[in-house]
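The sequence and structure come first.

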Amino acid sequence: MTYQTTPDRRPLRDRLADRIALPPDVLDEEITVLVLFRLSLLLNRATGGAPDMTFSARTAQNCQRGGWRGPLWHLPRIAIDLYCHRYRAEIAHCATALANYHRRRG
């Protein structure tokens, strides 16, 4: 008579880590940055922005443009900059994202 083995009781995160093994020199933070970058591109596309611009860069660009919508863009810029300052130790994330966007475009 054969017995079935018990199912793996390890957390899902550990089971996925075994299947999707990253090289030992890759930090979790690098993966997080890549995921956030991709999500920012997706959010920008979903809200009518350029497909190769992040939402942070678009926020900074629209704050600089001014006009009657300019003040509305200051709210997400403040929220994004505060988050990045608090959790990633970045200063003026949106302005840096806009500069990086212009640098990538050439």
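## Cysteines

The model is predicted. The sulfur of Cys-84 lies 7.0 Å from the closest cysteine sulfur, that of Cys-94. A disulfide requires two cysteine sulfur atoms within 2.5 Å, so this distance is too far for a bond. Cys-84 is also buried, at a relative accessible area of 3%.

A search of the whole structure turns up zero disulfides. Cys-63 is likewise in no disulfide, and its nearest cysteine sulfur, in Cys-94, is 7.3 Å away. With 14% relative accessibility, Cys-63 falls in the buried class, because that class takes in residues under 20%.

## Helix H3

Helix H3 spans residues 55-65 and is largely enclosed by the rest of the structure, because nine of its eleven residues are buried. The buried positions are Phe-55, Ser-56, Ala-57, Arg-58, Thr-59, Ala-60, Gln-61, Asn-62 and Cys-63. Just after H3, Gly-66 has a positive phi of about 75°.

## Largest pocket

The largest pocket holds about 410 Å³ of space. It is lined by 19 residues, and those closest to its centre are Leu-36, Ser-40, Ser-56, Arg-88 and His-93. Ser-56 is also among the buried residues of H3.

Four helices each supply at least two lining residues: H2 (28-46), H3, H4 (70-88) and H5 (93-105). H2 gives the largest share, with six residues. By residue class, the lining has ten nonpolar, six polar and three charged residues.

Notes
Residues numbered from 1 in each chain as written. Predicted model: local features only at pLDDT ≥ 70, side-chain atom pairs only at ≥ 80, totals over all residues. Heavy atoms only, no water. Buried < 20%, exposed > 50% of the residue type's maximum accessible area, 1.4 Å probe, protein only. 1 Å grid on protein atoms, 1.4 Å probe; cavity = no way out; pocket = protein on both sides within 12 Å on 5 of 7 lines; lining within 4 Å. Points joined across faces, edges and corners; volume = space filled by probe spheres on them. Nonpolar A, V, L, I, M, F, W, Y, C, P; charged D, E, K, R; others polar.
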